[in-house]
Amino acid sequence: QNVGSANADVIIQNAQLSADALKKQISLHEKAIDKIKKEADERKKALDERISDEDILTQIQKKQIEYQDALASGDMSGAAQAQLDIQQLVRGQQVTLAKRAIDQKAESDIAKEQSKIDALNAKIDSLQNTIDKSTAAAEANSKKSQNLRPLHLSILCSRVDCCPLLFGRF
């Protein structure tokens, strides 16, 4: 029976190790998926930004043409309005670019901090794994000790002169 219990303990420990290895593989695949999604989002964001920038440039070019036409036709009011529109578009684009730079810096700083958090979490996982293995080993040793106690007592009691010591009789 003790051999069967020991085999069961080994089977359980091996199954736990296998399960832990599978969980680590799953975690790696989940991280890969997150990375793929993040890269796709970054590419889409870059595309949207490029299109937005091109749209602004197109609007500025249209306003420059309006400005030239207004000047050519002597429409000073229209030329002034076109010039103001150009300035507003340029300012808006400058603000957009500044905000993007702020966002990129924030994303970079956040990524650095997240990397530190991930490293600390990996250390915690490693420590927890060590604790779990130590606990399992201690439990296995305790079971073995309990299984050997009756045998140990029977060996000691087989010596008649030791038996009174075990049971507190003198």
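Here are some notes on the predicted model above, point by point.

1. **Ground rules.** This is a predicted model, so local features need pLDDT of at least 70 and side-chain atom pairs count only at pLDDT 80 or more, while totals for chains, interfaces and linings use all residues. Residues are numbered from 1 along each chain as its sequence is written, and side-chain values use heavy atoms, with hydrogens and water left out.

2. **The overall layout.** Take the helices to begin with: the chain has three helices and zero strands, and from the N terminus on the order is α-α-α. Helices (H or I, at least four residues) and strands (E, at least two) are DSSP runs, numbered from the N terminus. Two of the helices come up again and again below: α1 covers 2–73 and α2 covers 76–157.

3. **Surface and burial.** How much of the chain is buried? Of its 170 residues, 9% are buried. Buried here means under 20% relative accessible area, exposed means over 50%, and partly exposed is in between (1.4 Å probe, protein chains only). The accessible surface of the chain is about 13700 Å², and 60% of that belongs to carbon and sulfur atoms. Those areas come from the Shrake-Rupley method with a 1.4 Å probe, and for residues only the protein chains shown count as cover.

4. **Contacts along the chain.** A contact means heavy atoms within 4.5 Å. Take the contacts between residues at least 6 apart in sequence: 52% of them join residues at least 24 apart.

5. Lys63 sits in helix α1. Setting aside neighbours within four places in sequence, Lys63 is in contact with Ala82, Asp85, Ile86 and Leu89. The C-alpha atoms of Lys63 and Gln81 are 9.2 Å apart, and these residues are 18 apart along the chain. Now try Gln93, which is in helix α2. Gln93 counts as buried because its relative accessibility is 14%. Not counting residues up to four places away in sequence, Gln93 touches Asp53 and Ile56.

6. Side chains of opposite charge can pair when their charged atoms come close. The rule used here asks for a side-chain nitrogen of Lys or Arg within 4 Å of a carboxyl oxygen of Asp or Glu, and by that rule there are nine salt bridges. One of them joins Glu107 to Lys45, with the closest N and O atoms 3.1 Å apart. This pair links distant parts of the chain, since Glu107 is in helix α2 and Lys45 in helix α1, 62 residues apart.

7. Arg100 deserves a look. Its salt bridge with Glu49 has closest N and O atoms 3.8 Å apart. Arg100 is in helix α2 and Glu49 in helix α1, so this pair ties together parts 51 residues apart in sequence. Arg100 counts as buried, with 13% relative accessibility. Arg100 also meets Asp53 in a salt bridge, at 2.9 Å from N to O. Asp53 is in helix α1, so that pair ties together parts 47 residues apart in sequence. Through shared partners, Glu49, Asp53 and Arg100 are joined into one network.

8. **The largest pocket.** On a 1 Å grid over the protein atoms alone, a pocket is an open set of points where a 1.4 Å probe fits, with protein on both sides within 12 Å along at least five of seven lines; lining residues have an atom within 4 Å of a point. Grid points are joined across faces, edges and corners, and a volume is the space filled by probe spheres set on the points. The largest pocket holds about 480 Å³ of space. Its lining has 14 residues, with Asp20, Lys23, Lys24, Ser27 and Asp125 nearest the centre. Which helix gives the most to this lining? That is α2, with eight residues. By class, the lining has two nonpolar, five polar and seven charged residues. Ala, Val, Leu, Ile, Met, Phe, Trp, Tyr, Cys and Pro count as nonpolar, Asp, Glu, Lys and Arg as charged, and the others, Gly among them, as polar.

9. **The second largest pocket.** This one has a volume of about 340 Å³. Of the 14 residues lining it, Ile12, Gln13, Gln16, Asp132 and Ala136 are closest to its centre. The largest share of this lining, eight residues, comes from α2. By class, the second largest pocket's lining has five nonpolar, three polar and six charged residues.
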